[in-house]
Amino acid sequence: MAVWRLKRIVAIHIFILLVNVFAASASESGISAWNGHTTPGSTTPTAFTPFYVPPGAKAYDSFSPLIQYTGDWETVYSSGYYHKSIQSTNQKGATISFTFKGTGIEWFGTCDRNHGIAYVSIDGREHRAVDAYHDDDIPLKQQRIFWDFNLAYGTHTIRITNVAHRKGSSQHTFCDIDAFVVTRGVGSKHQDQSSIQSSQQVSSFLATQSLESLQWALTQKGTTGVHAMQLAIISSSHALIVDKVEHNPLTISGHPAWGALYNLHTHAIKPLNMKSNSFCAGGTFLRNGTLINVGGNPIVEGHTSSADFGDLDGLQAIRILPPCDSDSVDDCGMYENHFRIRMASPRWYNTVVRLSDGSAMIIGGSKRGGWMNNATTNNPTIEYYPPKNIHGSNGLPIQLDFLVRTLNSNLFPIAFSLPDGRIFMAANRDAIIYDWERNEERRLPRIPNGIRVTYPMAGTALLLPLSPSNHYQPEVLICGGSNVPDDKASYAISSQDPASSQCSRLVLTDKGINNGWQVESMPQARIMPDAVLLPTGNVLVVNGAGTGISGYGNVLHQVGASNADHPVLTPTLYNPLAAHGSRFSSAGLPSSSIPRLYHSVATLTPAGDVMIAGSNPNLDRSEIKYGTEYRVEWLSPPYMQMKRPELSGLVAQINFGEEVRVHVTVPLGNQGEEKVVLMDLGYVTHANHANTRLVYLECSRVDDVLRIVGPPDGGVYPPGPGWIYYVVDRVPSIGIKVMIGDGESPPVDKDAWENLLENSAVDQYGHLKGVKGADVSE
């Protein structure tokens, strides 16, 4: 094992050992955790099961005349079943068939040690083996055994055959039919798959064409299982998906999952056993490659949707995902221990950014759920993870006046770590540079034309590529948002209020700041867009709506529950190096038929295409217009169809300023400009891409040996994981994951940590479970 990797493993174990040596005291707070609304009946506690019929779907119980049984089936009665009965068989070869019209199907039944494998096929296609075994004598009832939401709109038939066995048992096992839930959908909801160009089928002819002659390709493949509210690439093979607590189809331990690992190659999904409600959390990677997921919302019961999910209060949570780089993710999972690892104060809609020392700054947010921030709910502070003793804080939050001045529209503030180590922040219509080591703010010119750019008037932003050719001069780009006043009552705001097409750029040097913001316009106005940096240095803008604002259930003229309307279905490409006025183009970019509104995400992948997922402007899973979206799309730039350069022999770690040499293969005919880019693919949620970063590295090539020089310091690239792409004539290689810096844990101040635990409460809103009249919306 490489010495650096051994040191990294030791460092991670020391880090976890340190956080487990502290204990905390619990106290209660009398502050209500909510200031929004709920749906009727959602606060009535009932026995929990995954069974759920979303708005727009329809349930059929086991007695439905549309379900045809063959073989020996027995009716079993119990109050724990849907409509108090199921059909059950242990006969091998017994079957059912059910013909339905729609775009999705779910089968609910029972799981325990007496249940086993059944074959499921839809429309006569090859069957899939589904196992209802659960290692417990106490049966789990109304469990989702099988689901498929990826059907073309129309008439389908599901057929289930009992195999009547399981591994390790000689007895015939049971198969139960409790109910089916049909996602009815509409004819236009699903794309015509035959008309979508596939980026996976690259002919030798295409590989020899020029980049200009090739087209972008859009494919729809895979489903996330849990709604993709938050998204991060964790390895060459997997992405992390995090949602709020709701009735997702993917289940774990007998309840819906709200976290998953998505295989980028096979599209398989593994549920994660999340403990606390990660609703509207933020995240980042740390210096040692650990990912933290920070903040969220309180316990679901009586607040978010249906009662008794069994989750913990997430407002102060810090969830830890240790590095998970293997293609097998069987041993990967989130770690939580709120008595030993937590924030000092509750935060919902906070931004998390990695600093130049590899630790995390946690910025702002709201102390409790709701919609628009206000002086009562505002958390106008920052804190650090691991906790720091800085400016006399001794691990506790530090007041940031910027977060007071920017009320009300200041949730998920835009933030980027700059090459000099300071932090750029933007919220509402204002921007600053914050020197966290001196606790000093430098005010910047206001964002032009009254455009607000943070939740719920959410735009998107990026730190544009950093290059040694101009001494890593930082420049920010902010696109979209709204000019709706943030003191306007919700009943006076409409889903039809126009979004903004404005993009604003600011060079963050003295001269650039004096020159002010440079303004240009996207081809279409967007609220809630996502901006994705490509290895070529261009920016892809996707997702969002043309009217309304972020959230659901708040404004006039809601569409379903959505506060926004008129989804923008065509991406646009932005070239930062082009002349002002000619930087945007949508030429050749395919349009999607899937609306991507509130709670949508998009990220670059190691392969170089863009993963697009999510959209859920709803309190819980829904199938009404602008319902909960689980389908994944892949937007492939033309370079995906070219023969691409290759890297081999790249080391797994590059220190600051270190020279490394790797072997490369350059396709014949690709003899243009060569670049090496180092990228942080970020942690993406709510149009916020705080840690996304592209740094051009110094490089030179002699024959097939490429010399690469690591970034100069942690300001230019905060220490932690990154991705190296070798770009030749605007065609990038597949990205290779590397550790930048020493791979050690970020600095841990044990005294500051202990002081935080002694002076903060554990899950301070957890005692509100069961409080009547509590409310939430977004």
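Me: What should I know about the model before I start?
Reply: It is predicted, so to speak of local features a pLDDT of at least 70 is needed, side-chain atom pairs count only at pLDDT 80 or more, and totals for chains, interfaces and linings use all residues. Residues are numbered from 1 along each chain as its sequence is written, and side-chain values use heavy atoms, with hydrogens and water left out.

Me: Which order do the strands of the open sheet have?
Reply: The four strands of this open sheet have the order 23-24-25-26, with antiparallel pairing, where strands are DSSP runs of E, at least two residues, numbered from the N terminus, and two strands pair if DSSP finds at least two bridges between them.

Me: And which are the edge strands?
Reply: Strand 23 (351-354) and strand 26 (398-399) are the edge strands, each pairing on one side only.

Me: How many bridges join strand 23 to strand 24?
Reply: Four bridges join strand 23 to strand 24 (residues 360-363), and the two run antiparallel; arginine 354 has alanine 360, in strand 24, as its bridge partner.

Me: Changing topic, which residues lie nearest the centre of the second largest pocket?
Reply: Arg144, Ile145, Phe146, Trp147 and Leu250 lie nearest its centre, out of 32 lining residues. A pocket here is an open set of points on a 1 Å grid over the protein atoms alone, where a 1.4 Å probe fits, with protein on both sides within 12 Å along at least five of seven lines, and lining residues have an atom within 4 Å of a point.

Me: Which strand gives the largest share of that lining?
Reply: Strand 9 does, with seven residues.
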